[in-house]
Amino acid sequence: MYDAIIIGGGPAGSTLGRKLSKEGYKVLLIEKHVFPRYKACGGGITRRCYKLLDVDISQCIEDITYEIIFRFPNDKTIALQTGEPIIYQVDRAKFDKYLIDIAAYYGCEIHDGEIFYDFYDNGKSLVVVTDKGEYETKVLVGADGINSNMAYKTRLLNGKKGIALEGEVYVDDSLIDGLKGKVVVDFNAIRYGYGWVFPKGDRLSIGVGTFLNKVSNIKEMLSKMIEENVGGNTKDCKIYGHQLSFSDGSDGVFNNDKIILIGDATRLADPFTGEGIYNALLTAYISFDVIKKHFSGECGLDEYTLRLNREVVPDIRWAYRLSQFTYNNMDFIEKSVRLFPNVLSYFVDIMMGDNTYMNFKLKVPMYALRVMSSKTKIKVEKNVP
Ligand SMILES: Cc1cc2nc3c(=O)[nH]c(=O)nc-3n(C[C@H](O)[C@H](O)[C@H](O)COP(=O)(O)OP(=O)(O)OC[C@H]3O[C@@H](n4cnc5c(N)ncnc54)[C@H](O)[C@@H]3O)c2cc1C
């Protein structure tokens with residue numbers, strides 16, 4: 001009998017697997033792919049996420065971002081130089097494998113290449129059914145991503161879905177070198193979302209993602225994004241489609257008496273930027289605390305939903321409001337940013353983990369008027385390639 005079985009070996013599942021195993025619990029992690037596996041993702045670890053990590057990921061970092069180039073619908077470009085690292089770029093295949101290896105090191109049993117099908121309650125524990133066998137557990141954790149089978153089976157369905165298309169684009173080294181230390185965020189690329197260019201060591205991640213649940217010509221949008229950023233220099237390009245999860249900040253239910261959902265299975269990704277790894281880690285940490293207390297008889301698993309609705313959801317609610325306003329008023333946003341460029345330093349502070357969305361109403365007038373930190377520089381330009 002396992003203390004916990006975790007379905008899914010992304011950052012949420014492997015983090016919880018590591019933490020529980022390190023405490024001496026008997027844990028099995030079941031992942032349908034064999035590691036290393038591809039994961040459609042920009043692989044941008046914001047500074048706030050980097051600070052939240054409790055393992056050293058320096059060996060996974062492909063590039064460090066110091067400059068964000070924003071492109072707006074009227075072709076205006078605003079470049080924001082942060083002076084200190086704001087995003088750490090990782091290759092998700094290597095990053096996820098690294099986190100899994102650490103979990104295994106601490107004793108978490110890893111069954112990769114095994115598919116979770118179902119579970120049933122035998123009266124004293126839960127029995128997990130996969131394509132390879134059946135396993136008994138006290139607690140079952142769904143860390144199986146946005147299309148979580150666990151969420152469907154338990155009817156713990158939360159949040160919303162958007163869509164994204166990502167190209168892993170191989171180009172000449174000189175082009176990659178030119179983008180080192182920078183990312184492009186293009187609000188011109190797609191409605192209600194953005195296009196991105198993130199350098200990834202030997203290639204670029206170029207993508208388009210929208211918080212709308214359908215958009216008709218996303219392939220053309222990605223082709224345009226690739227054409228505009230690397231022209232005809234593409235040597236090879238692999239394109240992957242994926243759904244994006246996000247929340248509108250409504251309170252949710254994320255557990256029942258023996259089951260907990262973590263990571264994208266909760267659909268608690270940031271509705272303003274699409275960043276999901278931060279809340280994947282946060283939900284893993286909170287679930288770890290609650291499961292530990294549950295095993296020592298201090299609380300039931302319901303404590304988990306209470307904590308997420310208290311500690312995670314309120315900030316997302318503000319991120320959602322801001323996202324609604326921003327994506328519906330891009331021209332206004334671009335003009336305001338040109339008039340009060342210091343407002344951008346507010347978002348820098350959120351990505352750095354030095355401020356929250358919740359503080360926006362109170363703090364944004366102060367940010368607009370304050371003198372920007374000497375490290376952050378903003379260049380407003382038109383038609384910069
Ligand atoms: C195109 C795109 C770009 C993104 N860019 C960024 C970014 O730059 N920065 C950022 O912070 N976030 C980004 N995100 C979001 C981020 O990828 C997710 O929030 C993050 O991966 C969530 O981690 P997780 O561990 O919850 O789930 P996942 O990483 O999705 O892992 C879930 C795992 O469960 C496994 N699984 C599923 N079903 C089963 C089953 N039945 N049996 C066994 N295993 C199963 C899957 O194979 C998978 O390995 C992006 C997302 C997309 C789609």
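By class, which residues make up the lining of the second largest pocket? The lining has 8 nonpolar, 4 polar and 4 charged residues; here Ala, Val, Leu, Ile, Met, Phe, Trp, Tyr, Cys and Pro count as nonpolar, Asp, Glu, Lys and Arg as charged, and the others, Gly among them, as polar. Please keep in mind that this is a predicted model, in which local features need pLDDT of at least 70 and side-chain atom pairs count only at pLDDT 80 or more, while totals for chains, interfaces and linings use all residues. Residues are numbered from 1 along each chain as its sequence is written, and side-chain values use heavy atoms, with hydrogens and water left out.

Let us stay with that pocket for a moment. A pocket is an open set of points on a 1 Å grid over the protein atoms alone, where a 1.4 Å probe fits, with protein on both sides within 12 Å along at least five of seven lines; lining residues have an atom within 4 Å of a point. The volume of the second largest pocket is about 240 Å³, taken as the space filled by probe spheres set on the points, which are joined across faces, edges and corners. Arg48, Tyr278, Leu282, Asp315 and Thr356 are the closest to its centre among the 16 lining residues. Two or more lining residues come from each of H7 and helix H9 (313–328); helices (H or I, at least four residues) and strands (E, at least two) are DSSP runs, numbered from the N terminus. Because domain 1 (2–41 + 92–159 + 248–316) and domain 3 (328–382) both contribute to the lining, the pocket lies between them; the domain bounds come from an automatic or database domain assignment.

Now turn to the ligand. Around it are 37 residues, of which Glu31, Arg37, Gly42, Gly44 and Asp264 come nearest, a residue being near if one of its heavy atoms lies within 4 Å. By class, this shell divides into 15 nonpolar, 13 polar and 9 charged residues. Domain 1 and domain 2 (161–245) both give residues to the shell, so the ligand lies between them. Strand S16 (236–246) gives the most, with 3 residues.

Polar contacts (pairs of N or O atoms within 3.5 Å) tie in here. Ligand oxygen atoms are 2.9 Å from a side-chain N or O atom of Arg37, 3.4 Å from one of Lys39 and 2.9 Å from one of Arg92.

Finally, look at the backbone. The peptide bond from Phe35 to Pro36 is cis, with omega near -5°, and Pro36 sits in the loop between S2 and strand S3 (44–46).

Conventions
Polar contact = N/O pair within 3.5 Å; in protein donor to acceptor, adjacent residues only side chain to side chain.
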